[in-house]
Amino acid sequence: MTHIELRGVEKHFGALHVINDMNLVIEDNEFVVFLGQSGCGKTTTLRAIAGLETIDEGDILLDGKPVQHLKAADRDIAFVFQSFSLYPHLTAFENIAFPLKAMRFARADIEERVRSVAKILQITDLLEKRPSALSGGDMQRVAIGRALVRQPKAMLMDEPIGALDAKLREEMRAEIKRLHIKQGSTTIYVTHDQVEAMSLADRIVIMHEGILQQVGTPEEVYQRPANIFVAQFVGSPVMNMVAADVGEKGKKARVGIGGNGVTFEFPAETTNKLSAAGAQPGDLSLGVRPEGVLISPTAEPGYIEVTAGIIEPLGSHDIVDLEIGGDMIRARTPSGLVSGPGQQVWARIDPVQAHFFETGSGRSLEIAL
Amino acid sequence: MAVLAKLDAGSPAARRGWSDLTIRNAFIIPTIAFLIIFNIFPLIYSLGFSFTEYRASLNRPAVFVGLANYRDLLSDPDIWRNFTITAKYVIISVGGQMLVGFGLALLLNRTFPFKGLITTLLLLPMMLSMAVVGLFWRLLWDPSWGPINYALGLGKFEWLSHPTNALFAVAITDIWMWSPFVMLLSLAGLSAVPQHLYEAAAIDRAGTWYTFRRITLPLVAPLLLIALIFRTMEAFKTFDLPFIMSAQSVETVAITLYQMAFQSWDTGRASALAYIVLIVVVCITNIYVKYLNRLRER
């Protein structure tokens, strides 16, 4: 039952502005993921909420009460470290029991709570082992157990599965999600892996160079990125981003890319919507995800002829590089649709999946076609 | 030629015509020879003496007496008194060093200005010669004009000429000299405790004392134990400080041994006492080492 709020939080490390005027409200039982490249301030923000880092300005509120002057121990927030940070000289049981013992719980109570958490995490038969005898996944289960056992106000996780191998990571990801649904505590999770963020989050908070870029559900940040950074950070392969200019031809709008006179057909209202949004000629970028680039092996109306470049076969689909007007655009096609480099194909851009941005500021013009 | 061809022509050994084996022997044989002549031979020779009635000062052959020397020594109340004094000395001196040394290490285990300089200054006592330390502290403890009596307002308190007081005075001097050693090992242990464990403990709502008792102490324990082993061994056979400072009024085993061997020239009996001391030290050390190995297993 915890509500976390950040108000105008600022933090400097010397000349480095790590957190820049951060404002954020995290609702009770919400699973929020801080996403960003390394060094973007996401971990620092998390550590500041936990009390492991001081802030220079602003307020951190837990259930409406400012806590920025409280020590970590007095905030009652659990934290799962990337390095697990298990106590090497204690068994798994003693590790999980540590916070309870520190708070002087009765022995029988400790025993009961540790056993029940161990049961949820399926580590009951590992309780007598020391961390050095555990695998990475089991160590992280113990670390999560240590966080869960005292029923904290909130759970903070700093890249908790970053140190695990790919397969285990997928497994633990599902487990963390299952656990959150079952336990339902307010959770903040830090990662640089956008797949992890998309699959876990109720809401994603995207940070870049200490500045909050966008807050939204996974669908929102994917479908309606607020700026070029978010558009290119979320989604794999990366969203195509090209300089664009808009003209008219007949009843349709034409969007030219690459400056070589190559134009794609867009609905007529595109021009009006763009000028209403304040788009300036020469300051316009078109973003389209690879699945928004439609490809046909034969000539079709509205499609233009292009040459295929490198093909990355990924099993379920292929990623094909297309050379269009001097720009390289990547398209996602069904496997085997394009047989090899150099093949002539026909392509168009799906207007519904097109995003327009101001090139200079990076801001999205929020045009929906 | 066939043998030479097998050697790597580029290796320095081949160029000088020395094989690896020759080089190895050239380094090892002198060392082994030194060890045998100056350590192993006297050890065995003195073991032989310990079963005889022999005086190195007289030109008379040793007479074999079996275990008589050991029997005499172990039933001699004076020897037991020496061991008791030594035990007291070990407990006071090593206990003091562990407390002061570990305490200093805890204070130094953080960042503050001039940390390196202060640490180096604190290490100075242990770099001094034992004889120099003994002579200086004899002046400090002097009853009529020593600064210690002056500072404590004790008048003409007799430190070094009174056996019990001298024991304390020598032990305190030893603490002053060797606490830095414990401090050095403790600092190494403390800085090896990962910072993230302290963060985890803070998150787990552990207080300062609880964190110290459950995290710091267990993780530093192996190095503390090593310091304890070294200092116990040294303190048990302490000789220089009591010899220089107290004119032999602190009768530790080593002092008695010296008197027996080089003042009364009772070589056979002294050899037996030396062996008893050796066995005691080995036993104590073994207890520590066993405990250390148990700590290491975790």
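Predicted model: local features only at pLDDT ≥ 70, side-chain atom pairs only at ≥ 80, totals over all residues.
Visitor: What percentage of the residues in chain A is buried?
Guide: Buried means under 20% relative accessible area. Chain A has 369 residues. The buried share of them is 52%.

Visitor: Among contacts in chain A with a separation of 6 or more, what share comes from residues 24 or more positions apart?
Guide: Contact here means heavy atoms within 4.5 Å. Of the chain A contacts with a separation of 6 or more, residues 24 or more positions apart account for 65%.

Visitor: Which residue forms a salt bridge with Glu159(A)?
Guide: Glu159(A) sits in the loop between β7 (154-158) and α6 (166-183) of chain A. Its partner lies 117 residues away, in helix α1 (residues 42-50) of chain A. The closest N and O atoms are 3.9 Å apart, and the cut-off is 4 Å. The partner is Lys42(A).

Visitor: Which residue just after α1(A) takes a positive phi?
Guide: Among the buried residues of α1(A) are Ile49(A) and Ala50(A). Just after the helix, phi is about 95°. The residue is Gly51(A).

Visitor: Why are Glu111(A) and Arg115(A) separated by about one helical turn?
Guide: An α-helix has 3.6 residues a turn, so residues three or four places apart point the same way. Glu111(A) and Arg115(A) both belong to helix α4 (residues 107-121) of chain A. Their side chains meet in a salt bridge at 3.0 Å, N to O. They are about one turn apart because their spacing is 4 residues.

Visitor: Are Glu111(A) and Arg115(A) buried or partly exposed?
Guide: The buried limit is under 20% relative accessible area, and exposed starts over 50%. Glu111(A) is at 34%. Arg115(A) is at 33%. Each therefore counts as partly exposed.

Visitor: Which residue forms a salt bridge with Arg330(A)?
Guide: Arg330(A) lies in strand β18 (residues 327-334) of chain A, and its partner in strand β16 (residues 304-313) of chain A, 18 residues apart. Arg330(A) has a relative accessible area of 24% and is partly exposed. With N and O atoms 2.1 Å apart, the partner is Glu312(A).

Visitor: How many residues stand between β9(A) and β10(A) in their hairpin?
Guide: Strand β9 (residues 203-208) and strand β10 (residues 211-216) of chain A pair in the antiparallel sense over 5 bridges. Ile204(A) stands opposite Gly216(A). In the turn, Glu209(A) has a positive phi of about 50°. The number of residues between the strands is 2.

Visitor: What area is buried between chain A and chain B?
Guide: The size of an interface is often given as the accessible area lost when the parts come together. Here 26 residues of chain A are in contact with 16 residues of chain B. Carbon and sulfur atoms give 62% of the buried area. The total is about 2,000 Å².

Visitor: How many salt bridges are there between chain A and chain B?
Guide: Side chains of opposite charge can pair when their charged atoms come close. Glu199(B) and Arg47(A) meet in a salt bridge at 2.5 Å, N to O. Asp76(A), Arg146(A), Arg150(A), Asp204(B) and Arg205(B) are linked in a network of salt bridges. Between chain A and chain B, the count is 4.

Visitor: Which element gives the largest share of the side of chain A that touches chain B?
Guide: Between the chains, 9 residue pairs are in polar contact. On the chain A side, α1, α2 (72-75), β6 (77-80) and α3 (92-102) each supply at least two residues. The largest share is 4 residues, from α3(A).

Technical notes
Residues numbered from 1 in each chain as written. Chains lettered and ligands numbered in written order. Heavy atoms only, no water. Buried < 20%, exposed > 50% of the residue type's maximum accessible area, 1.4 Å probe, protein only. Buried area = accessible area lost by both parts, 1.4 Å probe. Polar contact = N/O pair within 3.5 Å; in protein donor to acceptor, adjacent residues only side chain to side chain. Pairing = 2+ DSSP bridges.
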